[in-house]
Amino acid sequence: MRLIWKLLRKHISVFELAVFFVANLIGMAVILAGIQIYSDLSPMLTGEKSLIGNDYMIISRPIERVGGETPKISEEEIEALRGEAFVENLGIFASSKFRVDGGIEFKGKQLSTMMFFESVPNEFIDVDSEEWNYEEGDNIVPIILPRNYLNLYNFGFSQTQGLPNITEEMIKRVEISLRIMGNGHTDYYSGYVVGFSDRLNTILVPMSFMTWANDYYSEDYSGDATRLILEVQNPSAPEVVEYMAEHNFVAEDKPSESNKALFLLQVCVAVIVCIGAVFSLLSIIILTLSIYLLLQKNVTKLENLVLIGYKPSYVAIPYILMTMILNVSIYLISIVLVSYGQGMYMGYIGKLFGVTLEASPATAIVAGLMLTAAITLFNFFIIYRKIAEISRKRC
Amino acid sequence: MKEIRLQSVVPEIFAERNDISSDIWLTDAILERGKSYLIEAASGTGKSSLCSYLYGQRGDYRGLISFDGEDVKGYNINHWCDIRQHNISILFQDLRLFGELTALENVEIKNRITKHRSAKQIEAWFEELGISDKLHSRIDRMSYGQQQRVALIRALCQSYDFLFLDEPISHLDDRNSDIMRDIVLREARAQGAAVVATSIGKHMNIDYDKTLRL
């Protein structure tokens with residue numbers, strides 16, 4: 001093999017190989033980065049590890065006349081909904097059937113207002129707080145507010161009234177004195193805001209508190225459902241829209257963030273992977289032409305080797321080894337680049353969402369291995385075919 | 001391999017000619033293992049073509065060429081490579097040596113795949129043929145006559161049933177020609193192989209079993 005290499009290495013153009021190397025390295029790194037980004041980000045947008053949140057929709061009956069009772073949703077209808085394939089999870093809103101007065105002390109003055117509460121099962125709540133629980137007998141009631149309310153205050157109310165802005169942390173420190181009345185009882189509680197929800201546009205208390213309080217303070221608590229929260233794959237899917245219209249439900253018009261984000265991610269990744277693929281394809285063409293040229297320059301030597309008894313498959317070995325070394329180096333460098341990049345963006349995303357994310361380039365390793373194997377096999381094929389062609393034609 | 005048989009074989013370019021008078025073309029010719037043949041040819045009678053057909057280099061002929069009764073048209077390139085390693089050895093008219101390798105490397109590149117000869121044997125041949133001082137010289141710096149001797153040594157580095165020598169002594173003086181003849185006869189006898197030499201005039205001084213006119 002040493003002599004064969006000595007013979008055939010002549011005419012190898014370092015420049016052509018370097019162009020191939022750089023182009024394919026860029027292509028491979030871009031493709032693998034695209035695939036890795038997709039595999040890292042898509043579970044954050046869907047599935048259990050979702051960072052942005054799954055697709056939720058809140059539905060109720062339309063309010064059709066003034067002064068009437070809030071339209072109810074029957075148990076049969078709820079069961080029918082649960083049976084639908086598009087419903088992954090379903091929760092019932094419970095609302096307070098008792099009187100709540102909330103007050104805060106502000107600059108020595110007591111400000112008080114009538115309030116209401118709602119509850120949904122914990123799995124639908126997008127606030128992660130250790131204080132989010134209530135046991136019977138507790139005097140402290142945790143509360144979750146919609147982030148919208150705070151924005152409404154900070155960007156609307158406070159500016160027009162010349163009042164100071166408040167931060168989330170400030171609100172969390174404020175005690176809200178709650179007076180709850182009903183069924184012949186009047187009791188006082190301390191309410192604390194433990195978090196802000198982007199998903200649920202209502203004032204939430206834990207379900208355990210709501211169940212107990214409705215039972216205790218309400219004279220005729222029926223537990224009828226009026227609003228539902230649904231976890232669905234895609235709220236704008238035709239079958240969902242059709243079902244809602246058919247069964248006279250209205251959905252709160254909440255943009256499906258994760259859906260849009262996922263779509264954007266898919267578009268971005270597709271563009272990235274396409275760019276990478278173009279690079280790789282061009283680089284493979286460069287390598288193919290380069291190999292053809294190299295074989296053509298060495299055609300007499302190849303022919304003579306076959307004439308003294310070397311089989312085409314043996315003569316192909318130096319070229320195959322050469323492309324294999326190139327491809328494997330490109331693969332390894334790409335993996336290093338991708339895992340470095342991954343560390344950076346995962347760290348950034350982790351900071352953005354306040355979580356620690358594990359960064360493992362496993363997807364890129366597997367995808368890269370497959371891609372490298374495919375490119376290498378293609379190289380084998382064209383090298384062998386070209387040498388066999390030379391042997392057949394000339395020998 | 002015991003015999004090479006040519007039945008009504010003629011190069012395609014001669015197919016339309018009707019003035020062919022030859023001991024090989026358009027006849028039934030047999031070359032047998034263990035014998036020696038001289039193929040005498042005038043220019044343009046298809047000597048190179050004949051060697052190419054028998055060595056699997058070209059297939060542009062009509063008729064039937066068979067090795068031990070097997071039509072060679074069915075052989076693929078890998079089969080021919082096996083034959084070139086074990087059954088037929090050839091000293092090409094145009095030598096087909098590798099210019100950028102040394103004389104010894106040119107021989108070694110063949111001996112590597114056949115593993116047929118020892119380094120000592122190879123060096124002894126270089127000595128015998130008077131080119132032992134050229135062992136490590138690049139082939140393209142050597143004279144054609146010296147190259148012819150290197151090509152012969154390379155041709156001997158394998159087992160063979162037929163040893164083809166295509167104008168082997170065209171650039172050798174009588175003394176070197178006789179040395180080459182002695183080696184060829186000695187080696188062919190040792191292997192029980194046939195020697196098939198071609199010539200357009202000057203030929204190795206052998207007592208040929210048969211002389212065929214092309």
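Chain A holds an open sheet of 5 strands in the order E5-E4-E8-E9-E7, with mixed pairing. Strands are DSSP runs of E with at least two residues, helices are runs of H or I with at least four, and both are numbered from the N terminus. Two strands pair if DSSP finds at least two bridges between them. This is a predicted model, in which local features need pLDDT of at least 70 and side-chain atom pairs count only at pLDDT 80 or more, while totals for chains, interfaces and linings use all residues. Residues are numbered from 1 along each chain as its sequence is written, and chains are lettered from A in the order in which they are written.

- Strands E5 (109-115) and E7 (140-146) of chain A are the edges, each pairing on one side only.
- From one strand to the next, the twist averages 35°.
- Strands E8 (residues 175-182) and E9 (residues 185-197) of chain A run antiparallel and are joined by 8 bridges.
- A:Gly182 has A:His185 in E9(A) as its bridge partner.

**Nonpolar cores**
- A nonpolar core is a set of buried Ala, Val, Leu, Ile, Met, Phe, Trp, Tyr and Cys residues joined through C-beta atoms within 7 Å; buried means that 20 or more other C-beta atoms, placed from the backbone, lie within 10 Å of the residue's own.
- In the largest core, of 97 residues, B:Phe162, B:Leu163, B:Phe164 and B:Val196 touch the most other members.
- Helix H2 (residues 14-45) of chain A gives the largest share of this core, 12 residues.
- Another core, of 34 residues, lies apart from it and includes A:Met57 and A:Ile229.

**Confidence**
- The model scores ipTM 0.93 and pTM 0.64.

Terms used:
Axes are lines fitted to C-alpha atoms, for helices over the stretch in contact, and angles run from 0 to 180 degrees between N-to-C directions. A residue is buried if 20 or more other C-beta atoms lie within 10 Å of its own, exposed if 12 or fewer, and partly exposed in between; C-beta atoms are placed from the backbone.
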